[in-house]
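Dear colleague,

I am handing over the structure we spoke about, with the sequence alongside. Please look through it first, and then read the notes below.

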Amino acid sequence: EAELIAAAEAKVQADIIAAAEAKAQADIIAAAEALAQADLIAAAEAQAEADIFAAAEAKVQADKIAELTQRSLLEAKLRYDLAARADALAEADIFAAAEALAQADIFAAAEAQAEAELIAA
């Protein structure tokens, strides 16, 4: 009877130890899984943050390029307008010079005519 009791106690103790070991192992696995999941979440968050930062940086670059393009277009239009004004001024100068020459020719002809009439008289 003492042997049966000792055997039963040993069996109970072995079962308790096995259950404790199984529980400890399950706890270790659960902790490892929780750590792995936390690492995955942290990595995903870091990636999302990096993506947001990269997108913001790309937007800033795109805005700078758009601003430079706009400025270049405005400068080109200004140069075109200035060239058109210079062209118009040059045309006006040419016209004024031609008009002055024509008036000088008319005056010279009138003067020559007056001289010829004086000589004839």
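This is a predicted model: local features need pLDDT of at least 70, side-chain atom pairs count only at pLDDT 80 or more; totals for chains, interfaces and linings use all residues.

In which helix do Lys-77 and Asp-81 both lie, and how many residues apart are they? Both lie in helix H1, four residues apart, which is about one turn of the helix.

Residues are numbered from 1 along each chain as its sequence is written, and side-chain values use heavy atoms, with hydrogens and water left out.

On the overall form, the protein has one helix and zero strands, these being DSSP runs numbered from the N terminus (helices H or I, at least four residues; strands E, at least two). The radius of gyration is 52 Å, well over the 14 Å that the globule rule gives for 121 residues, so the protein is more spread out than a compact globule; the radius is taken over C-alpha atoms, and the rule is 2.2 Å times the number of residues to the power 0.38. Along the principal axes, the C-alpha atoms fill a box of roughly 175 × 5 × 5 Å.

Of the 121 residues, 0% count as buried, where buried means under 20% relative accessible area, exposed over 50%, and partly exposed in between, with a 1.4 Å probe and protein chains only.

Lys-77 is partly exposed at 49% relative accessible area, and Asp-81 is partly exposed at 27%. Another salt bridge joins Lys-59 to Asp-63, with the closest N and O atoms 2.9 Å apart; these two residues also lie in helix H1, four residues apart. Lys-59 is partly exposed at 49%, as is Asp-63 at 39%.

Asp-27 forms a salt bridge with Lys-23, again with the closest N and O atoms 2.9 Å apart. Because they are four residues apart in helix H1 (residues 2-120), about one helical turn separates them. Asp-27 counts as partly exposed, at 40% relative accessibility.

How values were computed. A salt bridge is a side-chain nitrogen of Lys or Arg within 4 Å of a carboxyl oxygen of Asp or Glu.
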